[in-house]
Amino acid sequence: MLNLTTDEAVFTVIDLETTGFNPEKDYIIEIAAIKFQGNVEIGRFWKLVKPDTEFIPSYITRLTGITNAMVIDQPRIKEILPEFLKFIDDSIIVAHNVKFDISFLNYNARIYTGKSIKNPSICTDNLARRILPDIDSKSLEHIAYHFNIPYKQKHRALSDAEVTMKIFEKMLSFLEDYNVNRIIDIIKLSEGKKINYREKRKRYV
């Protein structure tokens, strides 16, 4: 899989909204994923999630717009995970700060399925730090602005996943100009490792 080119590989862009930053103490309240191959979308997954806590903190509601009323009749993460894990299958996971999302998914997956996610992953945040050094902030919002990508609903899982996918597609196009199109090299870049490349032509973005 890692020797596939970006046109051959299947990617799944994921995003979560949670009640905090600690997967052992906080809860997933929204989950979204968009699967694509060769710039063609092939599937979507989206669910609101009822957390195993009495209330969503008010500051999270202010940030995301997700209220207790919105999740009161939604399934819990243990009911959603099997379907979600089947959806991502053996695709390459892409996310902005991918360690955060995978930490929550793995914590819950281990509890409710006895498994953890083994998929290769690419972090668009880390990748931006390697290939877009002139952008002061590597937030999703600032990178979207850099690429002129509309971003209307911040801190909602499906909207964030859509923007991340468009950003990642721009990054792949940029890397293609340097003949960097193997999955293994893009993963290495996002992990801060050095790769060999040959410039084909420069495209200013």
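With a relative accessibility of 25%, glutamate 162 counts as partly exposed, a term for values between buried (under 20% relative accessible area) and exposed (over 50%), calculated with a 1.4 Å probe on protein chains only. This is a predicted model, in which local features need pLDDT of at least 70 and side-chain atom pairs count only at pLDDT 80 or more, while totals for chains, interfaces and linings use all residues. Residues are numbered from 1 along each chain as its sequence is written, and side-chain values use heavy atoms, with hydrogens and water left out.

Glutamate 162 forms a salt bridge with arginine 44, and the closest N and O atoms of the two are 2.7 Å apart. This pair links distant parts of the chain, since arginine 44 belongs to strand 3 (residues 40-48) and glutamate 162 to helix 7, 118 residues apart. Helices (H or I, at least four residues) and strands (E, at least two) are DSSP runs, numbered from the N terminus. Arginine 44 also counts as partly exposed, with a relative accessibility of 40%.

## Other salt bridges

Side chains of opposite charge can pair when their charged atoms come close. A salt bridge is counted when a side-chain nitrogen of Lys or Arg lies within 4 Å of a carboxyl oxygen of Asp or Glu, and the structure holds eight of them. In one of these, arginine 156 pairs with glutamate 30, with 2.9 Å between the closest N and O atoms. Because arginine 156 lies in the loop between helix 6 (140-146) and helix 7 (157-176) while glutamate 30 lies in strand 2 (residues 28-37), this pair ties together parts that are 126 residues apart in sequence. Arginine 156 counts as buried at 12% relative accessibility, and glutamate 30 counts as buried at 1%.

Aspartate 125 is buried, with a relative accessible area of 13%.

## The buried face of helix 5

Which residues of helix 5 are buried? They are Thr124, Asp125, Leu127, Ala128 and Ile131. Seen down the helix axis, these buried residues fall within an arc of 160°, so they line one face of helix 5; the arc is that of the directions from the helix axis to the C-beta atoms. The cover over these buried residues includes strand 4, strand 5 (121-123), helix 6, helix 7 and helix 8 (183-190).

Serine 91 is found in the loop between helix 3 (77-88) and strand 4 (92-95), and at 4% relative accessibility serine 91 counts as buried. The side chain of serine 91 makes a polar contact of 2.6 Å with the side chain of threonine 12, where a polar contact is a pair of N or O atoms within 3.5 Å; within protein, one atom must be able to donate a hydrogen and the other to accept it, and residues adjacent in sequence count only if both atoms are side-chain atoms. The serine 91 side chain also reaches the backbone oxygen of isoleucine 88 at 2.6 Å. Leaving aside residues up to four places away in sequence, serine 91 touches Val10, Phe11, Thr12, Asn119 and Pro120, contact meaning heavy atoms within 4.5 Å.

Threonine 164 is found in helix 7 and counts as buried, at 1% relative accessibility. Its side chain reaches the backbone oxygen of aspartate 160 at 2.7 Å. Not counting residues up to four places away in sequence, threonine 164 touches Val13, Ala95, His96, Thr124 and Leu140.

## Loop residues with positive phi

Asparagine 39, placed in the loop between strand 2 and strand 3, has a phi near 65°, a positive value in a residue other than glycine. Asparagine 39 counts as exposed, at 55% relative accessibility. Aspartate 89, in the loop between helix 3 and strand 4, likewise has a positive phi, near 50°, and is a residue other than glycine.
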